[in-house]
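Please read them alongside the coordinates.

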Amino acid sequence: MTTYRLLATTALSALMLGAAPAMAVTVTMNTVQIFGTIDPAKISDYTDYMAAVNLYDALVTVNAKGEIVPKLAESWTVSDDAKEVTYKIRDDAKFSDGSPVEASDVVYSVERLLKINQGPASLFAGVLKSGSVVAVDAKTVKFTLEKTFAPFLTTVPAFMIVNADEVKANEGTDDGQTYLADHVAGAGAYKLTSWDRGASMVISRNADYYGGWGEKPIDEVHWVITNDEATVKSMAASGELTMTSSAQAPDTYTSLGQNERFVIRTEPTQTVFNLKLNTKTAPTDDIHVRKAIALATDYDTIRSTIFPGGELNGPLPQAFATAYAEDLPKPVYDLEAAKAELAQSKYAGQPIKVSLAYVAGLKFEEEVALLMQANLEQLGITVDVQPEPWNRITELATKVETSPNIAEIFFSPTYPSPDSMFFTQYHSSAAGTWASLEWLQDADVDKLIDDARATGDTAKQADLYKQLQHKLVDLQVDAFMLTQNEQHAIDKCLTGYEYVPMQSFQYEFHNYSWTC
């Protein structure tokens, strides 16, 4: 048995407990996407998780080193065959209404997640079923896996715990989905104050948070949805903005960097920015058309000028060092080679038209779309450029026939394992979301993913991941453009930001403080 334990909790909590400051500290951050949901059984993208990590807590979380560390649970034990994981919940863990967090809440949260079967539920497909999680006692909960699932411990931070009593009291006929669409039943450090779905969200500090508070905590966080760079610059100039999103155009960071109030933070990340290619609808159902699109992608211009980032040779960033296939060829920009590929396609000699979707209002994504349009038109391909709000893209992604031929998509690891880069994007069971716009549904790819999930042999697992990378590059499922260098303009008085290699866990504002 292997046991993991939280150290020095009592003394640390005592030091962290503090009264609210006389002057409330408010942080205003812009985001370029709306918050789709705050229901922890349905969250899926970076804004969803950005809200969730502040409003809800999981049994464990992830730190900046990618390590799994305690949260609601103070310790956990793994059986020798890795099929049973038992968590001990902190005695002082409580929900925002003051009621204790107990094993029964974890059991209810799992059962609800599996029944709704959205968001994080895909992580546990074939791994957990109804009845897999049981309460050993009020503060001990045991997970029994259906099969060996090597990344299991790393997926648990994505699974947020709800207050079973509160949700049951408001279950209605849809397992509390209506209630949790605009109410929070969590143990997070913040409470929901207001939410205008198309414009803003405000959360406020829970002074009684079981995890305690530092000396100068953030009392309120205001997220403002912005659709253009001018608005961000205006908010910064007026003094309203405290922190930008990570998806601004380079000139916005340059402009804000000239404002003495801001510091520009740049961090290499495991987030990838790809052109996802729909493999099931004409004309991108033809591999030669997909290869032509990839060859018509001007990687250097995109990475150096439009949206600076790191090199990406395939679906897995180099940061996953042990699993990374170092022998993958670098993508090249070669219009003559693209023409040769197109000549081999079943659409050769016919008018070819593709749709290209990107998030409306993002200047750099528009520039990428226009660059692709110009390059592909040199091949005789007509490009229908489609700027769409993010919620519209997620809606289109639910059906293969409405998914665009090409979509500009950022994808971050949902949990700190290579599996998170493969399963959610390329496994057949994950099709029908914005993350899997490729609609790949390939039996050989599924088997490689499943085999890697099922083995505890790290060397064998790494080999399977390398085979996966070659397979996905050979199929040209995406044009692999870059890894994101995450940038933020942050007020010099705001400290605590550290990049975390898991969705939006770096925006847990309990870890921030105001130093001025």
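1. A word on burial to begin: buried means under 20% relative accessible area, exposed over 50%, and partly exposed in between (1.4 Å probe, protein chains only). At 1% relative accessibility, phenylalanine 364 therefore counts as buried, while phenylalanine 410, at 21%, is partly exposed.

2. Some ground rules. This is a predicted model, where local features need pLDDT of at least 70 and side-chain atom pairs count only at pLDDT 80 or more, whereas totals for chains, interfaces and linings use all residues. Residues are numbered from 1 along each chain as its sequence is written, and side-chain values use heavy atoms, leaving out hydrogens and water.

3. Phenylalanine 364 and phenylalanine 410 form an aromatic pair (ring centres within 6.5 Å, using the six-membered ring of Trp; planes under 30 degrees apart are stacked, over 60 edge-to-face, the rest tilted). Their centres are 6.0 Å apart with 75° between the planes, an edge-to-face arrangement. Phenylalanine 364 belongs to helix α12 (residues 363-377) and phenylalanine 410 to strand β16 (residues 406-411), so the pair ties together parts 46 residues apart in sequence. Helices (H or I, at least four residues) and strands (E, at least two) are DSSP runs, numbered from the N terminus.

4. The structure holds 21 aromatic pairs. In another of these, the rings of phenylalanine 35 and tryptophan 223 have centres 5.3 Å apart and planes at 50°, so this pair is tilted. Both phenylalanine 35 and tryptophan 223 are buried.

5. Do look at the cluster too: ring pairs link Trp76, Tyr87, Phe124, Phe143, Phe152 and Phe159.
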